[in-house]
Amino acid sequence: MTFHVYLLRLLRIAMKKRILVQDLAEYIGKEVVIAGWVHSTRKQGSVSFMLVRDRTGIAQVIASGHDINKQDVRNEAVVEVTGEVIEDTRAKTGVEIRLSKMTVISRPVKKLPILVNKKASFQKLELETVLNNRVLSLRNPKRHLIFSLQSEILDCFGTYFRKHGFTEITTPKIIASGTEGGTQLFSVDYFDKLAYLAQSPQFYKQMLVGAGYERVFEIGHVYRAEIHNTSRHLNEYVSLDIEMGFIEDEHDVMDTEEDFIRYLVGRINTHAARILEEYKTTLDVPDRIPRITVKEACAILERDYKKKMKTYDLDPVGEKLICEWSKKQNGSDFVFLTDYPRSKRPVYTMPKKDDPDLTRSFDLLFRGLEITTGGQRIHEYDMLIEAFKKRSLDPGDFDYYIDTFAYGMPPHGGLAIGLERITCQILGLNNVREASIFPRDRSRISP
RNA sequence: GGGGGCGUAGCGAAGUCUGGUUAUCGCGCCGGCCUGUCAAGCCGGAGAUCGCGGGUUCAAUUCCCGUCGCUCCCGCCA
């Protein structure tokens with residue numbers, strides 16, 4: 001070790017370790033180092049105030065004279081502040097730091113295009129501006145929380161299903177053919193072949209149930225090449241998928257989702273109560289989420305809302321109304337719609353024995369928006385081949401999938417939850433794009 | 001695939017219908033004052049080829065045509 005390196009090491013040991021803003025109260029009377037972004041500065045004659053924001057909170061730094069001003073500190077500069085922690089009721093958190101030394105680590109070299117600090121909440125921002133300035137817009141503490149909540153949801157999903165015997169899988173997103181006919185696929189140049197981006201992990205998760213894992217889950221991106229431009233659609237989104245074997249029927253799958261939702265709601269209320277508070281919302285779930293058939297739902301719409309549906313399916317307005325009804329009737333923000341007609345569901349959906357025009361399928365609506373589709377799947381080889389033929393699909397094109405059912409397959413079913421949609425609905429956001437960290441829509445592929 | 005709305009300063013808007021001074025307001029930005037601010041306050045200042053192209057007119061941000069961009073709704077879906 002050279003003398004030079006040795007000195008540097010000594011210096012580092014002598015340097016105080018950075019502490020987090022949330023822990024400041026534990027250091028009253030002591031000198032500490034904090035680091036973060038300059039949230040705002042306020043000059044008050046010969047006293048200056050500066051708010052410094054790190055990932056855990058915002059701290060007020062007070063300096064006498066022009067200490068803050070003479071360093072030319074701009075909002076959103078990255079600074080390291082050394083000073084004594086003092087108790088003072090005049091500070092919002094009850095503690096503040098009396099500055100003794102400040103280093104500007106990184107200085108903004110451009111004017112800020114948008115506001116980050118508290119003032120931003122009093123200023124309207126177009127969604128386009130929010131997304132064009134994603135890094136800055138996410139620095140805003142309130143907007144920041146959207147993805148803290150999303151992280152919590154992701155953790156809940158993984159934790160819950162792992163705990164219940166599900167194996168986490170990852171399946172390919174570059175595929176040779178689609179699964180659900182209806183939706184459009186993005187094509188990909190794959191060397192000398194044409195390939196597609198997966199619109200769902202559906203076939204793979206069923207295949208892995210058949211591979212003996214019985215219960216699998218996946219958190220993965222899916223791609224929909226539909227030219228839809230609405231506040232609830234994305235062309236790339238994160239699908240929370242599960243598939244489980246040895247079920248009685250689709251109600252086992254709904255039971256599972258219901259139990260997961262209860263777990264999720266409980267966890268969010270304990271771990272993320274602050275986020276709900278910030279968004280002025282609450283979240284609860286009844287012991288039992290009501291289950292009504294699509295047919296019943298249509299009858300309710302006609303009877304109570306004078307709304308006639310053309311087919312046994314709900315349009316977006318119908319979904320909002322039936323949620324309104326469910327809230328009034330059962331006090332539930334959630335409602336399962338079941339027994340969708342076969343024509344409305346993918347080819348692999350299990351038909352009902354007593355009424356083959358209907359399926360063992362369901363949607364879960366949450367506060368007026370569909371957040372889940374699920375159901376029991378066909379597990380009998382001959383029935384599946386028949387189903388493909390009925391849709392004018394050549395079973396031969398799907399050998400790799402259909403063969404799964406040729407060698408012993410248990411009754412099974414599953415579901416998918418749209419991550420951005422559930423995030424959006426929990427927080428009451430206006431547009432699902434706000435719940436996507438870097439959304440991909442009809443026209444946006446950057447940032 | 002179909003339908004509606006909007007483009008004015010870094011951000012958010014007014015003005016456009018009914019053409020006519022130097023295009024208005026709030027926030028931000030820059031400078032000054034202020035010893036407890038916290039959406040600070042007060043005073044001063046800079047900043048806009050009114051999305052772009054063409055047409056009508058003595059005169060266009062305003063009217064007409066085209067074009068580009070954004071946004072919302074329906075269909076389809078999570």
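Let me start with a definition: a residue is buried if its relative accessible area is under 20%, exposed if over 50%, and partly exposed in between, with a 1.4 Å probe and protein chains only. Hello everyone, and thanks for coming. What we have here is a predicted model, where local features need pLDDT of at least 70 and side-chain atom pairs count only at pLDDT 80 or more, while totals for chains, interfaces and linings use all residues. Residues are numbered from 1 along each chain as its sequence is written, chains are lettered from A and ligands numbered from 1 in the order in which they are written, and side-chain values use heavy atoms, with hydrogens and water left out.

First, the overall picture. Chain A has 447 residues, and 50% of them are buried. Its C-alpha trace spans about 85 × 60 × 40 Å along the principal axes. In secondary structure, chain A has 13 helices and 16 strands; these are DSSP runs, with helices being H or I of at least four residues and strands E of at least two, numbered from the N terminus.

Now to the cysteines. How many disulfides does a search of the whole structure find? The count is zero, taking a disulfide as a pair of cysteine sulfur atoms within 2.5 Å. Cysteine 156 counts as buried, at 0% relative accessibility. Cysteine 424 is in no disulfide either, and its nearest cysteine sulfur, in cysteine 323, is 13 Å away. Cysteine 424 is also buried, at 3% relative accessibility.

Let's turn to the RNA. There are 52 residues around RNA strand B, and Arg42, Arg74, Lys119, Ile371 and Asn431 come nearest; here, a residue is near if one of its heavy atoms lies within 4 Å of the strand.

Which parts of RNA strand B do individual side chains meet? For polar contacts, the cut-off is a pair of N or O atoms within 3.5 Å; within protein, one must be able to donate a hydrogen and the other to accept it, and residues adjacent in sequence count only if both atoms are side-chain atoms. A polar side-chain atom of glutamate 96 sits 2.7 Å from a base nitrogen. For glutamate 128, the partner is a sugar or linking oxygen, at 3.2 Å. Asparagine 431 places a polar side-chain atom 2.2 Å from a phosphate oxygen. Among the elements giving two or more residues to this surface are strand E1 (31-44), strand E5 (95-106) and helix H3 (127-132). Which element gives the most? That is E15, with four residues.

Three strands form an open antiparallel sheet in the order E7-E9-E8, where two strands pair if DSSP finds at least two bridges between them. Strand E7 (174-175) and strand E8 (187-190) are the edges, each pairing on one side only. E8 and strand E9 (residues 193-197) run antiparallel and are joined by four bridges. Aspartate 189 has leucine 194 as its bridge partner in E9, and tyrosine 190 has lysine 193. Two residues lie between the strands of this hairpin, and phenylalanine 191 takes a positive phi near 50°.

Last, the aromatics. Rings of Phe, Tyr and Trp (its six-membered ring) pair if their centres lie within 6.5 Å; planes under 30 degrees apart are stacked, over 60 edge-to-face, and the rest tilted. That rule gives 19 aromatic pairs. One of them joins phenylalanine 336 and phenylalanine 362 edge-to-face, 5.4 Å centre to centre with 85° between the planes. This pair links distant parts of the chain, strand E13 (residues 334-338) and strand E14 (residues 361-366), with the two residues 26 apart. Phenylalanine 336 is buried at 0%, and phenylalanine 362 is buried at 0%. Finally, Phe157, Tyr160, Phe161, Phe166, Phe217, Phe260 and Tyr263 form one aromatic cluster.
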